[in-house]
Amino acid sequence: MFVLPGLLALLIFIYARPFDFMPALRGVPFLYLFFGLAVFGYLVDLRQGKTDLRKTPHLNWVIAFVLWCFFTAGVKAPASLTTDGVRFGIAVVIYFLIAHGVRTFKAFELFMGTILACTLWISAVCVHMGLQPLECVAVSPGEDQNSSGRPDGRSCESPVICYQDPPDPEAMYRCEHAGLLGVTSIGGGRVRYVGVLQAPNEASMAVAIGVPLAFAFYQRRRNKKRLVLFLLTFVLGAMTVVYSGSRGGQIVFLATIGVYFLERYRLK
């Protein structure tokens, strides 16, 4: 299936965002490149008869959701309706490509496995960050105050300590955990990721997605490798949710475990 490479590249770009750690690649429009690759692959599959244009079960809900998005954008921010419309359109096309492009169980398993791998990477970065000691993080005056900033290596217990003889007197300082690849926590130690997962709540929600996938992979084939994968996903996910301080993430994580036990002990 020719649509899969573009779809998997989109998944990795949206979730893991490895290019955010490579400054030389930040100007490259990977979203549109991978999006175009996925559309081209779908057209090839359509031409070869590997897919079709049948209506999918969720299509009505997707259309209703997009119409609601247009309505709320028109009411709250009519000036940005054109820009928002492009984003909504891309989201609908991505849904269409997934719904029509992933047509076999093997392709579906590969797709879900990619999501699981991304959540494992994100949770590993978050857990490593949460285990690090607090240190001073400098943010330039013109820089977004929620950005990762620049850890300067000085240990701290509160931001007040960071302003005592600071290396950069003009910078704003936070007392945060510094993790891999320059990613730092926010809000006094709440772990997070980058890109669309820059908020701790979003990062914990994304990591929680991996737990039911790990359940499913283990239930399909019960062997030691998949058991280790499940345990690793569970432990890293639980630690990420705790370190993020996200109540929503905790609810989703606990709900996933609860549904598993309901199914396991045949409670309907």
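Is D165 buried or exposed? At 73% relative accessibility, D165 counts as exposed. This briefing describes a predicted model of a protein with 9 helices and 3 strands.

**Overall layout**

- From the N terminus on, the order of elements is α-α-α-α-α-β-β-α-β-α-α-α.
- The C-alpha atoms fill a box of roughly 70 × 50 × 35 Å, taken along the principal axes.
- Of the 268 residues in the protein, 40% are buried.
- Counting contacts between residues at least 6 apart in sequence, 62% join residues that are at least 24 apart.

**Nonpolar cores**

- The largest nonpolar core contains 52 residues. The residues with the most contacts inside this core are L7, F34, F111, I122 and Y193.
- At least two residues of this core come from each of α1 (3–15), α2 (30–47), α4 (81–101), α5 (105–131), α7 (200–220), α8 and α9.
- Helix α5 gives the most to this core, with 12 residues.
- With neighbours within four places in sequence left aside, F111 is in contact with L7, L8, L11, I98 and V102.
- There is also a second, separate core of 7 residues, and C136, C162, Y173 and C175 are included in it.

**Helices α8 and α9**

- Helix α8 covers residues 224–244 and helix α9 covers residues 247–264. The two helices pack at an angle of about 150 degrees, and their axes are 9 Å apart.
- Because angles over 145 degrees count as roughly antiparallel, α8 is roughly antiparallel to α9.
- The crossing of α8 past α9 is left-handed.
- On the α8 side, the contact is made by F234, G237, A238 and V241. On the α9 side, the contact is made by G249, Q250, F253 and I257.
- By residue class, the contact of α8 with α9 has 5 nonpolar and 3 polar residues, and no charged ones.

**Helices α7 and α9**

- The axes of α7 and α9 come within 8 Å and cross at roughly 15 degrees.
- Since angles under 35 degrees count as roughly parallel, α7 is roughly parallel to α9.
- Helix α7 passes α9 in a right-handed crossing.
- The α7 residues in this contact are S204, M205, A208, V211, P212, F215 and Q219. In α9 they meet G248, G249, V252, F253, T256, Y260 and E263.
- This contact of α7 with α9 divides into 8 nonpolar, 5 polar and 1 charged residues.
- G249 and F253 of α9 take part in the contact with α8, and G249 and F253 are also listed in the contact with α7.

**Residues with a positive phi**

- Most residues other than glycine have a negative phi.
- R17 is not a glycine, yet R17 has a positive phi of about 50 degrees.
- R17 lies in the loop between α1 and α2.
- The relative accessibility of R17 is 17%, so R17 counts as buried, the cut-off being under 20%.
- Not counting residues up to four places away in sequence, R17 touches I12, V194, G195 and V196.
- D165 likewise is not a glycine, and D165 has a positive phi of about 55 degrees.
- D165 lies in the loop between α6 (159–162) and β3 (172–177).
- Why does D165 count as exposed? Its relative accessibility is 73%, and exposed means over 50%.

- P159 is found in helix α6.
- With a relative accessible area of 36%, P159 is partly exposed.
- P159 and R174 are 15 residues apart in sequence, and their C-alpha atoms are 5.2 Å apart in space.
- P159 touches Y173 and C175, not counting residues up to four places away in sequence. Y173 and C175 are among the residues of the second, separate core.

Technical notes: Residues are numbered from 1 along each chain as its sequence is written. This is a predicted model: local features need pLDDT of at least 70, side-chain atom pairs count only at pLDDT 80 or more; totals for chains, interfaces and linings use all residues. Side-chain values use heavy atoms; hydrogens and water are left out. Axes are lines fitted to C-alpha atoms, for helices over the stretch in contact, and angles run from 0 to 180 degrees between N-to-C directions. Helices (H or I, at least four residues) and strands (E, at least two) are DSSP runs, numbered from the N terminus. Angles under 35 degrees count as roughly parallel, over 145 as roughly antiparallel, 65 to 115 as roughly perpendicular and the rest as oblique. A crossing is left-handed if the near helix is turned anticlockwise from the far one by less than a right angle, and right-handed if clockwise. Contact means heavy atoms within 4.5 Å. Ala, Val, Leu, Ile, Met, Phe, Trp, Tyr, Cys and Pro count as nonpolar, Asp, Glu, Lys and Arg as charged, and the others, Gly among them, as polar. A nonpolar core is a set of buried Ala, Val, Leu, Ile, Met, Phe, Trp, Tyr and Cys residues joined through side-chain atoms within 4.5 Å. Buried means under 20% relative accessible area, exposed over 50%, partly exposed in between (1.4 Å probe, protein chains only).
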